[in-house]
Amino acid sequence: MRLVLVGPPGAGKGTQAALLSRKLAVPHISTGDLFRQHINDRTPLGREAERYLDVGELVPDHITNDMVRRRLAEDDAREGFLLDGFPRTLQQVDVLSDILAENGAELNAVLEFSVPEHIVVARLLSRGRPDDTEDLIKHRQQVYRDETAPLLDSYTGIHVKVHAVGPVEEIAERVLGTIAMPHRTSRAREKPQVRRP
Ligand code: ADP
């Protein structure tokens, strides 16, 4: 199962990804986590990425793409993955399709986590990560709207919108339901191309 999770900062992708990764037995690959790990380990990539995370900007595509390409080449990602936070730009969409094509693989679904903005902002303010100040949150929401949301149009047919407000387990069930029964979602009804697990 190869899934991409898309949603604004604070949509709960990380929480859901951790849960779904256990249920579906595929690795959870979060670009934000990978960057934070590099920053912690003080690697050259971490030092480069840090200045972007600090100000809520996207890390440049070439850095992000190389990191993801290397991660997806690891053994555990061969049969499937939950990609959380990638792609986030149209250029990253192209790179991901190249990587998949090289491996003769396809995405099963692109899950959009839909949450009203006032809820995500409240969640982030209570999370307290260094990039969760009010100004940076606003900025990251803007970056999401400008750079990331438009890429959903690239995934007609496998784009599935999930209402991501409610108890964590319930949202996970909703996600699993849409993957297993794509005809339940309006988008997938138009073009039912989501492959079953
Ligand atoms: P959030 O979704 O709350 O912004 P993430 O952990 O997904 O949290 O991302 C944190 C930061 O990592 C982003 O603000 C950005 O600087 C960087 N980042 C994560 N994924 C990408 C990506 N695909 N491209 C560029 N930068 C990214």
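This is a predicted model: local features need pLDDT of at least 70, side-chain atom pairs count only at pLDDT 80 or more; totals for chains, interfaces and linings use all residues.
The side chain of R127 has an N or O atom 3.3 Å from a ligand oxygen, and a backbone N or O atom of E57 lies 2.6 Å from an oxygen atom of the ligand. A polar contact here is a pair of N or O atoms within 3.5 Å; within protein, one must be able to donate a hydrogen and the other to accept it, and residues adjacent in sequence count only if both atoms are side-chain atoms.

On its own, the ligand has 540 Å² of accessible area, and the protein covers 96% of this (Shrake-Rupley method, 1.4 Å probe; for residues, only the protein chains shown count as cover).

## Basis of the values

Local features need pLDDT of at least 70 and side-chain atom pairs pLDDT 80 or more, whereas totals for chains, interfaces and linings use all residues. Residues are numbered from 1 along each chain as its sequence is written, and side-chain values use heavy atoms, without hydrogens and water.

## The shell around the ligand

There are 18 residues around the ligand, of which T31, R36, E57, G85 and R140 come nearest (near means a heavy atom within 4 Å). By class, the shell has six nonpolar, five polar and seven charged residues. Ala, Val, Leu, Ile, Met, Phe, Trp, Tyr, Cys and Pro count as nonpolar, Asp, Glu, Lys and Arg as charged, and the others, Gly among them, as polar.

Helix α2 (residues 31–40) gives the most to this shell, with four residues. Helices (H or I, at least four residues) and strands (E, at least two) are DSSP runs, numbered from the N terminus.

## The largest pocket

The ligand sits in the largest pocket (more than half of its atoms lie within 2 Å of the grid points). A pocket is an open set of points on a 1 Å grid over the protein atoms alone, where a 1.4 Å probe fits, with protein on both sides within 12 Å along at least five of seven lines; lining residues have an atom within 4 Å of a point.

The volume of the largest pocket is about 880 Å³, counted as the space filled by probe spheres set on the points, which are joined across faces, edges and corners. Its lining has 44 residues, with P9, K13, R88, R127 and R129 nearest the centre. Helix α2 supplies the largest share, five residues.

## The second largest pocket

The second largest pocket has a volume of about 220 Å³ and is lined by 13 residues. Helix α5 gives the most to this lining, with three residues.
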